[in-house]
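Reader: I would like to learn how to read the packing of a fold with care. Could we go through one model together, feature by feature?

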Amino acid sequence: MDKDQARSWLATALQEARAGLREGGIPIGAALYGADGTLLGRGHNRRVQDGDPSAHAETAAFRDAGRQRSYRGTTMVTTLSPCWYCSGLVRQFGISRVVVGEAETFRGGHDWLAAHGVEVVVLDDPECAALMREFVAARPGLWNEDIGEE
């Protein structure tokens, strides 16, 4: 995948992450793009806002996309490496590619996805990393809750 295209799509996920932060939630955003480059769905982590532990950014984007006949050829773009739950969603529905804004703050399941045939593009985006660093420093308890740490 072309890195310029990936960065362009990441901008949508970053808008979502910022929206989540403004709402008092965890600043993780995602977007699902079709094989033809059409934006199918977008969303952000809403665990805090909705009191729903399953309301991750990737699941929000997936739900926003609505039912698709097939997810082959689609790309999930996320500001942070997907957790195991969201990595499972990618595998379950055959999403072909995952673009990761950053994997420094949290190293989720993207290596596992790559080992199972999903194309993974890690952008090491400084804006994504700074957003998460600032959030973790400001709200460590909420961050630890999100990643399942005591």
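Reader: Which residues in H3 meet which residues in H4?

Author: First the ground rules: this is a predicted model, in which local features need pLDDT of at least 70 and side-chain atom pairs count only at pLDDT 80 or more, while totals for chains, interfaces and linings use all residues. Residues are numbered from 1 along each chain as its sequence is written, and side-chain values use heavy atoms, with hydrogens and water left out. Helices (H or I, at least four residues) and strands (E, at least two) are DSSP runs numbered from the N terminus, and contact means heavy atoms within 4.5 Å. On that basis, Glu 58, Thr 59, Phe 62 and Arg 63 in H3 meet Tyr 85, Cys 86, Leu 89 and Phe 93 in H4. The residues of this contact divide into 5 nonpolar, 1 polar and 2 charged, where Ala, Val, Leu, Ile, Met, Phe, Trp, Tyr, Cys and Pro count as nonpolar, Asp, Glu, Lys and Arg as charged, and the others, Gly among them, as polar.

Reader: At what angle do H3 and H4 pack?

Author: Axes are lines fitted to C-alpha atoms, for helices over the stretch in contact, and angles run from 0 to 180 degrees between N-to-C directions. H3 and helix H4 (residues 84-93) pack at about 35°, with their axes 8 Å apart.

Reader: How should I read the sheet, and what is the order of its strands?

Author: Strands of a sheet pair through backbone hydrogen bonds, either parallel or antiparallel; here two strands pair if DSSP finds at least two bridges between them. The open sheet has 5 strands in the order S2-S1-S3-S4-S5, with mixed pairing. Its edge strands, which each pair on one side only, are S2 (39-44) and S5 (119-122), and the twist averages 15° from one strand to the next. Strand S1 (residues 29-33) runs antiparallel to S2 and is joined to it by 5 bridges; Ala 31 has Arg 42 in S2 as its bridge partner.

Reader: Which strands do H3 and H6 lie across?

Author: Helix H3 (residues 57-65) lies across S1, S2 and strand S3 (75-80), running at about 140° to S2. Helix H6 (residues 126-138) lies across S3 and strand S4 (97-102), at about 60° to S4.

Reader: Why does Ala 57 count as buried?

Author: Buried means under 20% relative accessible area, exposed over 50%, and partly exposed in between (1.4 Å probe, protein chains only). Ala 57 counts as buried because its relative accessibility is 0%. Leaving out residues up to four places away in sequence, Ala 57 touches Ile 28, Gly 29, Ala 30, Gly 43, His 44 and Asn 45. Other buried residues of H3 include Ala 61, Phe 62 and Ala 65, and the cover over the buried residues of this helix includes S1, S2, S3 and H4.

Reader: How many residues does the largest nonpolar core have?

Author: In soluble globular proteins, nonpolar side chains tend to be buried together. A nonpolar core is a set of buried Ala, Val, Leu, Ile, Met, Phe, Trp, Tyr and Cys residues joined through side-chain atoms within 4.5 Å. The largest has 26 residues, and Leu 32, Phe 62 and Trp 143 are among those with the most contacts inside it. The largest share of this core, 4 residues, comes from H3. Apart from it lies another core, of 14 residues, among them Ala 13, Leu 14, Val 99 and Leu 123.
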